[in-house]
Amino acid sequence: MPGQPSRPTIHVPGTTSHTIAPRNGHREGTLRYLKAGTGAPLVLLHTVRTQAEHFRHLVPLVSDRYTVYALDLPGMGYSEIVPGASYEEPAMRAGVERLLTELDLDDVTVLGESMGAVLALTTAADLPDRVRRVIAVNTYDFRGGIARSGLLARLVVTGVLAPGIGPVVAGVEPKAALRRILQGGLGDKTALRADYVDELLQVGSRPGYPAVARGVYRNLPSLIAARSRYPEIKAPIHLVYGEKDWSRRSDRAATKDLLPDAEYTLVPGAGHFIALERPDVLAGLVNAVAS
């Protein structure tokens, strides 16, 4: 896998690392995922600027009832970076669908957080015969997003997207700045562990990763556009929001209006990264319907 660091600095207990090769004739890279446990398949989809290890605390809580697949989305984590690749929602969704189809997964529960929540929902719309249930955590389908983390986040995102200097800004990621931006998505700031920040920085140093970061931020509007797919979903849906998520009440109401039959949980005190703060809440929702 070109340009990949040797290995993650974090090991999620009980997991093994695997890859899915690109399909012939397609412009796509190798995908990496973590696997653990036994039982019906549970696919975990991470947030903007993170990776499969985002679910390090959730996986051990659910792997006795599910076979867990935590995916590194295209170009992120340790999935291959393909020069010139698209990071629009349909391209990232195609990566998720490769996991389900290449591994021939059926009766799948898909849990996604943030960007991963949108991809969980649109994948369910595309693959109704494979997806049995969706747990969508803090859907990233509204304007502003990570820029609502604080002034520093707004400045960084603006710089990354700026013509000319954007690639330079995307390639500069001081540890203190990354930590502060991510903490802006947490109610409990201590939930962001130092070793996890170090792991994210290692991934961010991969050759070509600044282009991935810029591509993801430039194409966040495609996540908003993907809301048009929500009414097509046939599977049961559970919407989960942190009380202190970046989304506003109007953002959540707009999503709920598109998914009127969805169950709804508000997690008191939690922010955007519930998998880091309250993995017990997510595990409870997942395990409650384990077959």
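**Ground rules.** I number residues from 1 along each chain as its sequence is written. The model is predicted, so I take local features only at pLDDT of at least 70 and side-chain atom pairs only at pLDDT 80 or more, while totals for chains, interfaces and linings use all residues, and side-chain values use heavy atoms, with hydrogens and water left out.

**Entry 1: α2 and α3.** I began with how helices get described: by the angle between their axes and the distance between the axes. Helix α2 covers residues 89-102 and helix α3 covers residues 115-126. (Helices are DSSP runs of H or I, at least four residues; strands are runs of E, at least two; both are numbered from the N terminus.) I found the α2 and α3 axes 9 Å apart, at an angle of about 65°. Axes here are lines fitted to C-alpha atoms, for helices over the stretch in contact, and angles run from 0 to 180 degrees between N-to-C directions. That makes α2 and α3 roughly perpendicular (65 to 115 degrees; under 35 is roughly parallel, over 145 roughly antiparallel, the rest oblique). The crossing is right-handed, meaning that the near helix is turned clockwise from the far one by less than a right angle.

Next I looked up who touches whom, with contact meaning heavy atoms within 4.5 Å. From α2 I noted Glu89, Met92, Arg93, Val96, Glu97 and Leu100; they meet Met115, Val118, Leu119, Thr122, Thr123 and Asp126 of α3. By class, that contact has six nonpolar, two polar and four charged residues. (Nonpolar is Ala, Val, Leu, Ile, Met, Phe, Trp, Tyr, Cys and Pro; charged is Asp, Glu, Lys and Arg; the others, Gly among them, are polar.)

**Entry 2: the cores.** Which residues touch the most other members of the largest nonpolar core? Val43, Leu45, Met115 and Ile233 do, out of 67 residues. α3 gives the most to this core, eight residues. A nonpolar core is a set of buried Ala, Val, Leu, Ile, Met, Phe, Trp, Tyr and Cys residues joined through side-chain atoms within 4.5 Å. Buried is under 20% relative accessible area, exposed is over 50%, and partly exposed is in between (1.4 Å probe, protein chains only).

**Entry 3: α6 and α7.** The axes of α6 and α7 come within 10 Å and cross at roughly 115°, again right-handed. Lys175, Leu178 and Leu182 of α6 and Val197, Asp198, Leu200 and Leu201 of α7 make the contact. In α7 (residues 194-204) I find Tyr196, Val197, Glu199, Leu200, Leu201, Val203 and Gly204 buried. These pack against α6, α8 and α11.

**Entry 4: positive phi.** Most residues other than glycine have a negative phi. Asp104 has a positive phi of about 55° and is found in the loop between α2 and β5. Is Ser114 buried or exposed? Ser114 is buried, at 1% relative accessible area, whereas Asp104 is partly exposed at 49%. Ser114 lies in the loop between β5 and α3, with phi near 65°.
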